[in-house]
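Please look at the sequence and the three-dimensional structure shown here, and keep both in view while you read.

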Amino acid sequence: MYQVGDMIVYGRTGVCRVERIEENQNGTFYALMPLYQSCSILTPVEGKVFMRPVISREEAEALIDTLPQLEAVPYEGKAVRELTEHYQASIDSFDCTAWAVMTKSIYAKRRTAEQEKKKFGAVDERFMKEGEALLFGELAVALELPLERVRGYIDDRLAGVAAAGA
């Protein structure tokens, strides 16, 4: 059971803080405050929505360090449904590495589309934004950074890793 103040990933909402734990005749509930959305959530402790603790700082830094090695293979589903299901599986894994691979792959797909002067798909765009929001939101909390500084932190850390390896 999570405690008041814990930071958790709550389904596709992303990172939430456990504000309080309530008990009533229907059971025990978490009152959650999403960090990057303006709403509050009351959910059963034993609910069906996926919940897990936010990754640690060490896990976040290790993930960032492996980003250059993650293979970005753009997915070329022919049907919108097929493409959506592929991306949905990555999002629903609730795994930061899967989100990073998906986002990196969609970025590569967008870069190719731009080079070939082709249109970048709306489904790709939507899932790229969602994957990045989930990933960067969790990294921001793990690294104790404002959300808007995550991209710069990643760039700086990767530049340091590359310089150390040279």
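The paragraphs below go from the overall layout to the packing of the helices and then to the pockets.

This is a predicted model, in which local features need pLDDT of at least 70 and side-chain atom pairs count only at pLDDT 80 or more, while totals for chains, interfaces and linings use all residues. Residues are numbered from 1 along each chain as its sequence is written, and side-chain values use heavy atoms, with hydrogens and water left out.

The protein has five helices and five strands, where helices (H or I, at least four residues) and strands (E, at least two) are DSSP runs numbered from the N terminus. Along the sequence, these elements follow the pattern β-β-β-β-β-α-α-α-α-α. Taken along the principal axes, the box filled by the C-alpha atoms is roughly 60 × 45 × 25 Å.

Two packed helices are described by the angle between their axes and the distance between the axes. Here the axes are lines fitted to C-alpha atoms, for helices over the stretch in contact, and angles run from 0 to 180 degrees between N-to-C directions. Helix 1, residues 57-66, packs against helix 4 at an angle of about 130°, and their axes are 8 Å apart. Helix 1 and helix 4 are therefore oblique to each other, given that angles under 35 degrees count as roughly parallel, over 145 as roughly antiparallel, 65 to 115 as roughly perpendicular and the rest as oblique. Their contact (heavy atoms within 4.5 Å) joins Arg57, Ala60, Glu61, Leu63 and Ile64 of helix 1 to Leu135, Leu139, Ala142 and Leu143 of helix 4. By class, this contact has seven nonpolar, no polar and two charged residues, where Ala, Val, Leu, Ile, Met, Phe, Trp, Tyr, Cys and Pro count as nonpolar, Asp, Glu, Lys and Arg as charged, and the others, Gly among them, as polar.

Helix 4 also packs with helix 2, at an angle of about 5° and with the axes 10 Å apart, and helix 2 and helix 4 are therefore roughly parallel to each other. In this contact, Val80, Leu83, Thr84, Tyr87, Gln88 and Ile91 of helix 2 meet Val123, Asp124, Arg126, Phe127, Glu130, Gly131 and Leu134 of helix 4. These residues divide into seven nonpolar, three polar and three charged. The axes of helix 2 and helix 3, for their part, come within 8 Å and cross at roughly 145°. Leu83, Tyr87, Ser90 and Ile91 of helix 2 there meet Ala98, Trp99, Met102, Ile106 and Lys109 of helix 3.

Which residues lie nearest the centre of the largest pocket? They are Leu67, Lys104, Tyr107, Phe136 and Ile154, among 13 lining residues. On a 1 Å grid over the protein atoms alone, where a 1.4 Å probe is used, a pocket is an open set of points with protein on both sides within 12 Å along at least five of seven lines, and lining residues have an atom within 4 Å of a point. The largest pocket holds about 280 Å³ of space, and its lining divides into eight nonpolar, one polar and four charged residues. Helix 3 (96-115), helix 4 (122-143) and helix 5 (150-165) each supply at least two residues of that lining.

The second largest pocket holds about 220 Å³ of space. Of the 14 residues that line this second pocket, Gly77, Lys78, Leu83, Lys109 and Asp124 are the closest to its centre. Helix 4 gives the most to this lining, with three residues.

Note on methods:
Grid points are joined across faces, edges and corners, and a volume is the space filled by probe spheres set on the points.
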